[in-house]
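Okay, thanks for coming, everyone. Let me put this one up on the screen and we'll walk through it together.

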Amino acid sequence: MTGPAPAPGTVFLVGAGPGDPDLLTLRAARLILNAKLIVHDGLVDPAILAMAPPRARLISVAKRRSRHTMPQAEINALLVAEALAGRDVVRLKGGDPFVFGRGGEEVEACRAAGVPVEVVPGVSAALGAAAAAQIPLTHRDRASIVSFVAGQCKGLTEQDWAGLAGKGRTLVIYMGVATAPQIAEKLIADGLAPEVPVAVIENAARPEMRVLRSVLAGLPELVVRAKVKSPAVIVIGEVAAQGRIGQLRALAAEAAI
Ligand code: SAH
């Protein structure tokens with residue numbers, strides 16, 4: 001005989017920020033410190049995972065570009081199954097769950113299954129990187145519009161980015177390291193000046209952070225020469241010339257442009 005189904009647990013979709021545990025919200029920190037089950041992405045910093053109680057179960061569903069270890073449908077099914085078994089689930093994502101985080105799909109899956117779901121915002125990479133590099137995304141004299149775009153998405157070249165970059169605007173590109181040459185070409189073809197300042201912020205809010213600078217036309221070469229690796233955001237616009245430089249290697253990269 002089976003007893004009545006337990007009351008479903010809650011799925012907490014939690015933004016873990018760009019890396020530094022100090023950038024977690026208090027709510028995220030409390031949930032992690034009390035978690036019994038954490039389902040996390042590859043981008044969540046090990047220092048944050050280390051905050052979980054020793055007996056917590058940690059499940060990684062790490063994704064890498066073109067090497068998905070767990071398809072989204074399986075992640076959704078895992079969250080729902082655990083919650084329906086009566087367990088609360090802390091679903092930890094890098095940055096903010098609703099900025100290029102597929103949080104929308106996970107919320108829908110929970111709702112469709114009658115599983116209670118809550119969303120805890122996090123510091124998205126654009127904001128964490130801008131703060132760490134001291135690049136203001138908006139500036140009274142330089143930029144009053146800021147856009148976030150995905151540099152790796154279906155049909156990149158057909159995407160309409162017209163008007164997102166240019167005078168008075170800041171464009172922040174997520175997932176753009178591998179497609180940097182296409183991005184520069186696309187923006188220049190759209191009429192953006194090749195000498196618009198660009199900053200690449202790699203591993204923002206982590207000890208190994210690098211801030212590299214160039215101009216739009218020099219972006220592809222910079223990415224190759226400095227061996228930029230994901231995760232990195234690319235900031236394009238007048239504000240990208242501001243702020244501080246990362247490490248010595250970054251200085252060398254800048255000097256060579
Ligand atoms: N939900 C996340 C974004 C996930 S998409 C957020 O809100 O930040 C993954 C992309 O985020 C990476 O390819 C990179 O462009 C960016 N990213 C995530 N963490 C980063 C970090 N610490 N430094 C720089 N870029 C980061």
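First, a term: buried area here is the accessible area, with a 1.4 Å probe, that two parts lose on being put together, summed over both. What we have is a predicted model, so to speak of local features we need pLDDT of at least 70, side-chain atom pairs count only at pLDDT 80 or more, and totals for chains, interfaces and linings use all residues. Numbering runs from 1 along each chain as its sequence is written, and side-chain values use heavy atoms, with hydrogens and water left out.

The domain assignment, automatic or from a database, gives domain 1 as 11-120 and domain 2 as 125-256. Nine residues of domain 1 and 13 residues of domain 2 make the contact, meaning heavy atoms within 4.5 Å. Together the two domains bury about 890 Å², and 67% of that is on carbon and sulfur atoms. Their centres, over C-alpha atoms, are 28 Å apart.

Separately on charges: the side of domain 1 that touches domain 2 has five nonpolar, one polar and three charged residues. For those classes, Ala, Val, Leu, Ile, Met, Phe, Trp, Tyr, Cys and Pro count as nonpolar, Asp, Glu, Lys and Arg as charged, and the others, Gly among them, as polar.

And there's a salt bridge to click on: the side chains of Asp45 and Arg206, at 3.5 Å, N to O.

Notes
A salt bridge is a side-chain nitrogen of Lys or Arg within 4 Å of a carboxyl oxygen of Asp or Glu.
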